[in-house]
Amino acid sequence: MKLKNNLRIAVIAVGILLVAVSVVLMLTDMYRKKTAESERRDVIVRLREAMPAEHDGVFDGDANPNAAMPTLVIDKKGYIGLIYVPELGVELPVCAEFQEMMPMRLSGNAVAGSLAIGGELGDIKSATVGHEIVFYDVKGNVWHYTVTDIFRNESGQFLPDETKLTFHFSDDGADITVVCS
């Protein structure tokens with residue numbers, strides 16, 4: 001009988017410990033997200049202050065599609081620009097390379113019309129066909145796109161010739177590609 005009581009107490013203690021660990025993990029995740037959001041807002045302000053006057057970007061079909069993009073360094077981290085979705089009121093900085101909790105350039109560049117962005121895209125994931133996407137590079141070039149297709153779980157999908165910008169991310173276990181022209 002005593003063994004059964006000890007076993008029950010042990011199971012209850014383990015259950016309480018697991019709940020406590022879950023709460024700590026949840027609070028840690030909430031803190032990381034809040035800190036990342038604050039950092040993104042700060043970077044957006046600093047990028048806007050440092051970027052020159054805006055002018056329309058010009059696509060160059062002869063440009064090297066994999067050439068690096070100009071980068072602005074803020075707090076030892078490189079950024080290539082800002083992405084903005086007017087219909088969603090979402091603006092995010094785009095990193096030159098991986099940074100946790102931030103969108104980043106995966107490949108390509110805006111001039112060649114081959115820019116691919118991935119990473120933590122926040123509410124940009126809610127963009128739908130027809131939404132306008134605006135990319136501001138750190139040289140003041142402004143690139144306007146429209147979402148034309150959204151592919152889910154389609155590996156090796158064909159991207160139309162007019163594709164100029166893509167977003168790649170996972171959402172609820174699905175691999176998503178948002179195509180913009």
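This is a predicted model: local features need pLDDT of at least 70, side-chain atom pairs count only at pLDDT 80 or more; totals for chains, interfaces and linings use all residues.
By about what are Glu-37 and Arg-40 separated in helix α1?

Residues are numbered from 1 along each chain as its sequence is written, and side-chain values use heavy atoms, with hydrogens and water left out.

**View 1. Helix α1, residues 2–50.** Helices (H or I, at least four residues) and strands (E, at least two) are DSSP runs, numbered from the N terminus. With 49 residues at 1.5 Å a residue, helix α1 should span 72 Å; the expected span is 1.5 Å times one less than the number of residues. The end C-alpha atoms of the helix are 71 Å apart, which agrees.

**View 2. The buried residues of α1.** Ala-36, Arg-40, Val-43, Ile-44 and Leu-47 are the buried residues of this helix. Buried means under 20% relative accessible area, exposed over 50%, and partly exposed in between (1.4 Å probe, protein chains only). These buried residues pack against β2 (72–74), β3 (77–85) and β4 (90–95), where contact means heavy atoms within 4.5 Å.

**View 3. The salt bridge of Glu-37 with Arg-40.** A salt bridge is a side-chain nitrogen of Lys or Arg within 4 Å of a carboxyl oxygen of Asp or Glu; by this rule the count comes to 9. In the pair shown, the closest N and O atoms are 3.0 Å apart. Glu-37 and Arg-40 are separated by about one helical turn, because they are 3 residues apart in helix α1. Glu-37 is partly exposed at 32% relative accessibility, whereas Arg-40 is buried, with a relative accessible area of 10%.

**View 4. The salt bridge of Lys-77 with Glu-39.** The closest N and O atoms of this pair are 2.9 Å apart. Lys-77 in strand β3 and Glu-39 in helix α1 are 38 residues apart, and the pair links distant parts of the chain. Lys-77 counts as partly exposed at 30% relative accessibility, and Glu-39 counts as partly exposed at 27%.

**View 5. The salt bridge of Glu-91 with Arg-48.** Here the closest N and O atoms lie 2.6 Å apart. Glu-91 belongs to strand β4 and Arg-48 to helix α1, so the pair ties together parts that are 43 residues apart in sequence. Glu-91 is partly exposed at 24% relative accessibility; Arg-48 is partly exposed at 30%.
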